[in-house]
Amino acid sequence: MEAKPKLYYFQGRGRMESIRWLLAAAGVEFEEEFLETREQYEKLLKDGRLLFDQVPLVEIDGMPLTQSRAILSYLAAKYNLYGKDLKERLRIDMYTDGTLDLMIMIAQAAFKPPKEKEESYALIVKRAKTRYFPVFEKILKDHGEDFLVGNRFSWADIQLLEAILMVEELSAPILSDFPLLQAFKARISNIPTIQKFLQPGSQRKPPPDGHYVEVVRNVLKF
Amino acid sequence: ENQAIAVMAGKPVLHYSDCRGRMEAVRWLLAAAGVEFEEKFLKTRDDLERLRNDGSLMFQQVPMVEIDGMKLVQTRAILNYIATKYNLYGKDMKERAIIDMYTEGLMDLDEMVLHQPYLPKEEKEGNLAKIKDKSRNRYFPAYEKVLKSHGQDYLVGNKLSRADVYLVKLLYHVEELDPSVLANFPLLKALRTRVSNLPTVKKFLQPGSQRKPLEDEKCVEEVMKAYI
């Protein structure tokens, strides 16, 4: 029996959340070890499993993988969520790179002082509304299909849903001008594995709060 | 006109300013793969707006590469496509994952490096110190260790991949900013020499190639005017 993937990160979203979403959507059970102390982090460093001294770290198929995008690409391919050919994979790469940029902005905002944080959030909402979401609305409109790429569920759909929910946390009416994205959100949320992940008690993490920021700063010393 | 001919001939067309920035990694990879390409340089705000208005830029941003009848955006997606197409992405999923991991580390370093010329004066010194620190203490030691661990000529699978090409690009670039940075990395220096001697890369390193020089005032001014 294949060992479960093991995730090493803080007990929060950060750069690990997209990985949790992808595994959950693929119906893959995974274990987590949460970094809470500097000592734990130093042990990981000493064990030599962090290539650039950074987390996320995911142990999977005998490999200690770091760098969230590398991990995501590997998982998408492994669980058949990466399109059927090079051209589909390319489109998925373009879409996920866009949504990931947006979500990383959100993750980084948590660490800024209050005024800058508010400015970041405002910029994120603006970008979502004017740069990213219109693109996906148009993609869905142009092909009229249920999923973003190849009429088939892929990593791009999972990540778009994740981004939509994250931006909605900053601005509840963000989808008001995007009827197809509203339908998309409902449709993808109802996929059984995702529905399960969206329930309380799942491994999905809440938005970053003061405590989370403090733990990360203490562990990574910045 | 050149562009129409390039499209007919099947050459990729790169849309960006006449500077390194985020496009330089793409230029290196195409060059290493022996792929001829054309460039259309953005010089003014109008050039960028024109591309935006004709729907060529998915997220309103460059780099954009026209290739195989498509308009690709997002540097990673572009590099992934080229690397796959020209067999510079490992032999299987696991090698691809390792190559991705190494590439992502290089992208993190490149983020600091490519921003350097465009930072306000008061931030330049701090960023340069960061580049030096991270290159010497985080990134270059990691890649030196990889080469030492297997003793092979290339980073992954004993074969040239996009990871080697990108690493060599950065070795040159960081050395331009920090001349003694490679002093303690003999294996990285050897890799750089080895890759630089490959016929395609050798050609790219000659004067007159499409490789761009370190950003100068003119480049920075142009980019600031066009994009900001």
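Modeller: Buried means under 20% relative accessible area, exposed means over 50%, and partly exposed lies in between, with a 1.4 Å probe and protein chains only. This is a predicted model, in which local features need pLDDT of at least 70 and side-chain atom pairs count only at pLDDT 80 or more, while totals for chains, interfaces and linings use all residues. Residues are numbered from 1 along each chain as its sequence is written, chains are lettered from A and ligands numbered from 1 in the order in which they are written, and side-chain values use heavy atoms, with hydrogens and water left out.

Colleague: Is Glu175(B) buried, exposed or partly exposed?

Modeller: Glu175(B) has a relative accessibility of 25%. On that value Glu175(B) counts as partly exposed.

Colleague: Which side chain meets Glu175(B) in a salt bridge?

Modeller: A salt bridge is a side-chain nitrogen of Lys or Arg within 4 Å of a carboxyl oxygen of Asp or Glu. Here the N to O distance is 2.9 Å. Helices (H or I, at least four residues) and strands (E, at least two) are DSSP runs, numbered from the N terminus. Glu175(B) lies in helix α7 (residues 162-177) of chain B and its partner in helix α8 (residues 186-196) of chain B, so the pair ties together parts that are 17 residues apart in sequence, and that partner is Arg192(B).

Colleague: Which residue of chain B meets Asp97(A) in a salt bridge?

Modeller: The N to O distance in this pair is 3.9 Å. Asp97(A) lies in helix α4 (residues 86-109) of chain A and the partner in helix α4 (residues 75-85) of chain B, so the pair joins two chains. Both residues are buried, and the partner of Asp97(A) is Arg76(B).

Colleague: Which residues are linked with Asp97(A) and Arg76(B) in a network of salt bridges?

Modeller: Two of them belong to chain A and one to chain B. Besides Asp97(A) and Arg76(B), the network holds Arg69(A), Asp101(A) and Glu104(B).

Colleague: How many salt bridges are there over all chains?

Modeller: One of them joins Asp61(A) and Lys78(A) at 2.9 Å, N to O. Over all chains the count is 40.
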